[in-house]
Amino acid sequence: MTAGERLQDALERFFALRQHGDDVLFRQRLNTLQTWQSERLYRTHRDILELPDNAPAVEFLFTDVYGGRDLTPVASEIRRALPKALKLLPDRVMATSASVLDTAVLTQVLDEHLTGQMGPALDQPLTEVAYAAAYRTQGRDDERARQLALIGEIGVHIDKYVRSRMIQATFRMVRRPAHAAGFGSLYDFLDHGFGAMRPLHSVNDLLGRLAQRERVVMQRLLAGSREPFKAPFHPAPPTEH
């Protein structure tokens with residue numbers, strides 16, 4: 001699919017999310033789950049987060065992409081002004097937008113499904129044991145794997161942007177036209193992300209490392225490990241047949 005088609009598909013899935021309805025209790029439970037997951041990510045990857053150059057990039061990833069940030073303003077703008085954005089913003093920037101939104105929406109889909117599955121268990125403090133048990137029975141392993149693959153895809157896209165002075169210059173030049181055209185929130189969201197990632201030597205290396213660790217966490221959760229979130233994060237050896 002083209003970037004525009006991917007964005008359109010992600011938008012349809014985003015606005016179909018249950019969180020946009022009037023079920024207040026569901027949204028409270030979803031927020032409980034997402035807050036716990038965000039705090040867990042910080043604990044698991046604290047050693048990476050505490051490196052000065054990495055902190056803004058990891059913060060953007062955990063909060064804006066992987067952590068349940070409210071993307072309604074950005075998504076609403078994209079839906080309203082997608083044709084203009086596709087014409088005005090560089091192709092690589094739009095490809096990055098598609099990967100970021102796709103990742104964020106898939107995260108929300110998985111979080112909503114887990115919230116519905118856990119139900120009243122989220123009305124009290126969430127524990128690692130309760131979370132792990134629900135995770136194992138969720139049955140959406142392929143989508144979890146795709147979520148991690150998309151994070152790696154974001155790293156590839158942003159590395160291409162950061163290393164291209166021409167794309168950076170073009171992106172900066174369209175700041176005012178983007179705001180005037182009605183998608184300033186999208187522009188600012190991407191600008192914030194690019195700025196957070198720029199100090200890194202390689203965005204792909206960082207996101208690849210995080211994704212690899214989370215794959216290990218996923219394997220441990222599915223296997224019923226007693227300490228799924230604890231370092232070290234060495235990949236499991238291949239199974240012999």
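Contact here means heavy atoms within 4.5 Å. The model is a predicted one, in which local features need pLDDT of at least 70 and side-chain atom pairs count only at pLDDT 80 or more, while totals for chains, interfaces and linings use all residues. Residues are numbered from 1 along each chain as its sequence is written, and side-chain values use heavy atoms, with hydrogens and water left out.

Start at Val217, which sits in helix α12 (residues 203-223); helices are DSSP runs of H or I with at least four residues, numbered from the N terminus. Once neighbours within four places in sequence are set aside, Val217 is in contact with Arg40, Pro228, Phe229 and Phe233. Val217 has a relative accessible area of 2%, so it counts as buried (under 20% relative accessible area, with a 1.4 Å probe and protein chains only). Thr44 is 173 residues away from Val217 along the chain, yet their C-alpha atoms are separated by 9.4 Å.

The structure holds 8 aromatic pairs; rings of Phe, Tyr and Trp (its six-membered ring) pair if their centres lie within 6.5 Å, and planes under 30 degrees apart count as stacked, over 60 as edge-to-face and the rest as tilted. Trp36 and Phe229 make an edge-to-face pair, 6.2 Å centre to centre with 65 degrees between the planes. Because Trp36 lies in helix α2 (residues 24-44) and Phe229 in the segment after α12, this pair ties together parts 193 residues apart in sequence. Trp36 is buried, at a relative accessible area of 10%, and Phe229 is buried with a value of 10%. Phe171 and Tyr187 form a stacked pair, because their ring centres are 4.3 Å apart and their planes are at 10 degrees. This pair links helix α9 (residues 165-173), which holds Phe171, with helix α11 (residues 184-197), which holds Tyr187, across 16 residues. Both Phe171 and Tyr187 are buried. Trp36 and Phe229 also belong to one aromatic cluster with Tyr131 and Tyr135.

Arg18 is over Phe26, at 4.0 Å from the ring centre, and Arg79 is over Phe15, at 3.8 Å.

Helix α6 (residues 91-118) has 28 residues and reaches 40 Å from its first C-alpha to its last, close to the expected 40 Å, where the expected span is 1.5 Å times one less than the number of residues. Of its 28 residues, 23 are buried, so α6 is largely enclosed by the rest of the structure. Gly119 follows α6 and has a positive phi, near 55 degrees.

Technical notes:
Helix = DSSP H or I, 4+ residues; strand = E, 2+ residues; numbered from the N terminus. Buried < 20%, exposed > 50% of the residue type's maximum accessible area, 1.4 Å probe, protein only. Lys NZ or Arg CZ within 6 Å of the ring centre and 35° of its normal.
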